Structure formats: structure tokens, C-alpha cells
Amino acid sequence: MEQTNQTTVTYFIIKGISDLPELQAPIFLLVLLIYLITLCGNMTILLLVCLVHHLHTPMYFFLCNLSIIDISCMTVSLHRVLVSFISGDNTVSFLTCMTQMYMFSSLESNELLILTAMSYDRYVAICNPLHYPLVMSRNVCALLAIASWVLSFLEIIPFVVILSGFSCYRSNKINHFFCDTVPLMKLSCSDTSNLEILIFTEGIFLLSFTPLLLTFISYVFIIISILKIRSNTGRRKVFYTCSSHLTVVIFLYVTLFCQYLSPPSTDTFASNKLLSLFNTAAVPMLNPLIYSLKNKDVKSALRWSLKKCKRIN
Ligand SMILES: *[C@@H]1O[C@H](CO)[C@@H](O)[C@H](O)[C@H]1NC(C)=O
């Protein structure tokens, strides 16, 4: 089926991370390990925030949202590697492929929006502490969270509409480990200029650059108000309340821009796929670690619940 002008593609073949047969088992184990670490870490965050009363703040509710996004994102992007290894079947139907692409892009964009909402939360907490309970009320937080979810799932629809309209494919072998927009676009022999324009305008400017700008503006105000604090310990204390969030934000945007700016050459697919694996795996896996290692609240909550567990046993 390769290299012929295919008018209708009913299924795709996912090539996976590597073609080499001897690498299949190590890759499977690596991905399984990454997946389990991500699942454990994010489940721990979800449980802690549910159980520990002093973590019932907007910041940690948003963190829960982030954990759910991370688990889903990783499941969408990596489950194929695991399933293919076990079943030996690496085909996906056209519909599944489009759904996968839609879910992954929506979740990724949602992650940026939730992180932006979190930076607004930090801005209000630090620059406007007296009004914090009023401004970040339960309703406002719920509204921000719902808006992020709805918006991110709406804004990816144009991408799917254009992509699913492509009728001509050079081949049905996707050289990637899941159905993602760019690998799919590269396979198509239909006119992709509309999709390229959409990726540049909406994908990069609206969906990535706007959240980055809003986050950046929040942090400019945060830094200005931190610099106004006289005492060094006071400064450190206030900075501490946003350091985990800042670490996650920097980490996410750096990996995102590495992905966008990596040379789009088709022959170095192996290294592109590794980079993409790093991007899809590293952020969801490390988010809970960053939050629990850098955060006194989470650490003490963890210790408290472990103690409780011991007592029950
Ligand atoms: C997401 O965040 C909102 C706003 O803080 C919160 O009300 C909601 O419970 C969170 N959802 C989950 C699943 O944690």
C-alpha cells in the first residue's frame, strides 16, 4: 500500500517508536515504567488533595485538574505502544486515529489553560492577598476550570475537520507512536496549506503563545510585588508559594518550544520521535514530583497520611 496514491484510507498502521525487533521489549518496559510512575504520582496528588483538608485551596484543585489531564494525555499518547506490543496488532481505524489526535491536542491545550489559571491564582494570592478569598471564590475557580475544559475541546475541532477531510494519503504507515497532527499531515497528498495556516495561527499563536503571554504578565506583577517586600525571609516565603508552579510552567514551555523548533526533517525521524516521547512523557511524569518535592504542604500532607495508614494497620 506504500507510495501509491491512496484515495481512501480506512485504517492506519502505527510504526511505533522503533522498527527494530530487538528493541521492542526494552521500549515496552520503558514505556510501562513511565506510565506506572505517572499514574502513581498523579493518583497520589488526587488522593491527597481529596483527603487532606488544608489542601482544599484553588491552587490544589487546579493541580487536581492538571493530574487528570496528565493521566489522560499519557493514556491517549502511549497506550498504543503498550497495546501493540501485547497484541501484535498495530493498526488503528481512521476514526480512532482522528479521535486520538483530537483528544491529545485538546488535552495538551487544556494543560496550558489550567496552568494559566493557576498563574492568575498566584497573581491574586500574592498581589492582592486581602481580596484573595473573594476574587478566587469557589464559583470563580469552577468557572475558570470549566471554561478551560470547554474551550480546549472546542478549539481543536477546526483541526479535526480539516484533517479528516483529507482524502489522499501517500501511505497509511504513520511513522510515529500515536496519531498526531504533524505526522498525519506529512502523510497526506491533499492540499495541506489550510492546515499549515491553522497550525501557525491558531495552534502556535492563539493556543500556545497567548497562555504563555498571560502567564508571563502574571509573573511580571508577581515579581514586582515580591521585590517590594523589604525583608529577605519575607521575600523568600512569598516566592516559595509560586516556585512549584513556576518550575512546571518553565519546564512545559521549554519542552513545547523544543518540539516546535526542532528541525522538521523527515530523515531524522528517530530523533524526532525520541524528542516527542520525551515531551509527552516527561511533563506528566514530573509534574507530581515537582509539586511534592518542592512543596512543604504536599510533603507534610503525605507524611500525615502515611502516619495515618500505619496506625490503621
Ligand atoms: C478542577 O478545578 C476546579 C476549580 O478549582 C475544581 O472546582 C474542580 O473540583 C477541579 N476538578 C477536579 C477533578 O479536581
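## A walk through the predicted fold

With a relative accessibility of 44%, S167 counts as partly exposed. This serine belongs to the loop that runs between helix 6 (157-165) and strand 3 (173-174). S167 and C127 are 40 residues apart along the chain, and their C-alpha atoms are separated by 53 Å.

Before going further, please keep in mind that this is a predicted model. The protein chain has an average pLDDT of 87, and 94% of its residues score at least 70. Among the elements of the chain, helix 5 has the highest mean pLDDT, at 95, while helix 10 (residues 269-293) has the lowest, at 80.

**Packing of the nonpolar residues**

The largest nonpolar core holds 53 residues, and F62 and M118 have the most contacts inside it. Two or more residues of this core come from each of helix 1 (24-51), helix 2, helix 3, helix 5, helix 9 (232-261), helix 10 and helix 11 (296-312). Helix 2 gives the largest share, with 14 residues. Setting aside residues up to four places away in sequence, F62 touches I114, A117, M118, D121, M136, C141, L144 and A145. There is also a second, separate core of 24 residues, with F12, Y102, L163 and L195 among its members.

**Aromatic rings**

Searching the whole structure turns up eleven aromatic pairs. One of them joins F12 and F94 in a stacked arrangement, with 5.8 Å from centre to centre and 25° between the planes. This pair connects distant parts of the chain, since F12 sits in strand 1 (residues 11-14) and F94 in helix 3 (residues 94-127), 82 residues apart. W149 and F153 make another stacked pair, at 6.2 Å centre to centre and with 5° between the planes. About one helical turn separates W149 from F153, because the two are four residues apart in helix 5 (residues 138-155).

Elsewhere, the face of Y240 has a charged neighbour: K296 lies over it, 4.7 Å from the ring centre.

**Charged residues**

How many salt bridges does the count come to? The count is one. In it, the side chain of R122 meets that of D121 at 2.9 Å, N to O. As a general point, side chains of opposite charge can pair when their charged atoms come close. Both partners are buried, R122 with a relative accessible area of 8% and D121 with 0%. D121 is also one of the residues that F62 touches.

Another aspartate, D70, is located in helix 2 (residues 58-87). Neighbours within four places in sequence aside, D70 is in contact with N42, E111, V283, P284 and N287.

**Accessibility at a glance**

Here are the values for several residues met above.

| Residue | Relative accessible area | Class |
|---|---|---|
| F12 | 0% | buried |
| D70 | 0% | buried |
| D121 | 0% | buried |
| R122 | 8% | buried |
| W149 | 26% | partly exposed |
| S167 | 44% | partly exposed |

W149, which stacks with F153, is instead partly exposed at 26%.

Key: Residues numbered from 1 in each chain as written. Heavy atoms only, no water. Phe/Tyr/Trp six-rings, centres within 6.5 Å; stacked < 30°, edge-to-face > 60°. Buried < 20%, exposed > 50% of the residue type's maximum accessible area, 1.4 Å probe, protein only. Lys NZ or Arg CZ within 6 Å of the ring centre and 35° of its normal. pLDDT = per-residue confidence, 0-100. Salt bridge = Lys/Arg side-chain N within 4 Å of Asp/Glu carboxyl O. Contact = heavy atoms within 4.5 Å. Core = buried A, V, L, I, M, F, W, Y, C linked by side-chain atoms within 4.5 Å.
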